[in-house]
Amino acid sequence: METEFSAETVQAAKTAVRTLYTYRHDMADTLAMMDWVELVQGISADARAEGRKISAADWVEMAHGADDICDEDCLPRLFRIEGADA
């Protein structure tokens, strides 16, 4: 059973992922960053190949990964939603 996410949560996740992906070349070149970029590209490629949109759960997963990268680089988190873990 897939978790339901509100439209606001999905939009916040999309914004976080797109922001970090846009600035990925300005971030520290770490294994975590490389793994995250590979994850984002893999999810995107799979969705494209299957002719579907990226799922809400995938957006949220990628956004949490973006926050892990920000935490590692001592930067503010990008994915802030009501009731989310800090």
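Contact is taken as heavy atoms within 4.5 Å. Helices are DSSP runs (H or I, at least four residues), numbered from the N terminus. The model is predicted: local features need pLDDT of at least 70, side-chain atom pairs count only at pLDDT 80 or more, and totals for chains, interfaces and linings use all residues. Residues are numbered from 1 along each chain as its sequence is written, and side-chain values use heavy atoms, with hydrogens and water left out.

By this contact criterion, Val17, Leu20 and Tyr21 of α1 meet Met33, Trp36, Val37, Val40 and Gln41 of α2. The two helices pack at about 120°, and their axes lie 11 Å apart. Here axes are lines fitted to C-alpha atoms over the stretch in contact, and angles run from 0 to 180 degrees between N-to-C directions. α1 is therefore oblique to α2. Oblique covers the angles left over once those under 35 degrees (roughly parallel), over 145 (roughly antiparallel) and 65 to 115 (roughly perpendicular) are set aside.

Helix α2 comprises residues 31–50. Its 20 residues reach 28 Å from first C-alpha to last, close to the 28 Å expected. The expected span is 1.5 Å times one less than the number of residues. Buried residues (under 20% relative accessible area, 1.4 Å probe, protein chains only) in α2 are Met33, Trp36, Val37, Val40, Ile43, Ser44 and Ala47. They fall within an arc of 130° seen down the helix axis, so they line one face. The arc is that of the directions from the axis to the C-beta atoms. The face turned away carries Leu31, Glu38, Ala49 and Glu50, which are exposed (over 50% relative accessible area). The cover over the buried residues of α2 includes α1 (7–22) and α3 (56–72). Just after α2, Gly51 takes a positive phi of about 65°.

In α1, the buried set is Thr9, Val10, Ala12, Ala13, Ala16, Val17 and Leu20. These residues fall within an arc of 160°, so they too line one face of their helix. Exposed Ala7, Glu8 and Thr22 sit on the face turned away. α2 and α3 are among the elements that cover the buried residues of α1. The 16 residues of α1 should span 22 Å, and its end C-alpha atoms are 22 Å apart.

Just after α3, Cys74 takes a positive phi of about 55°.
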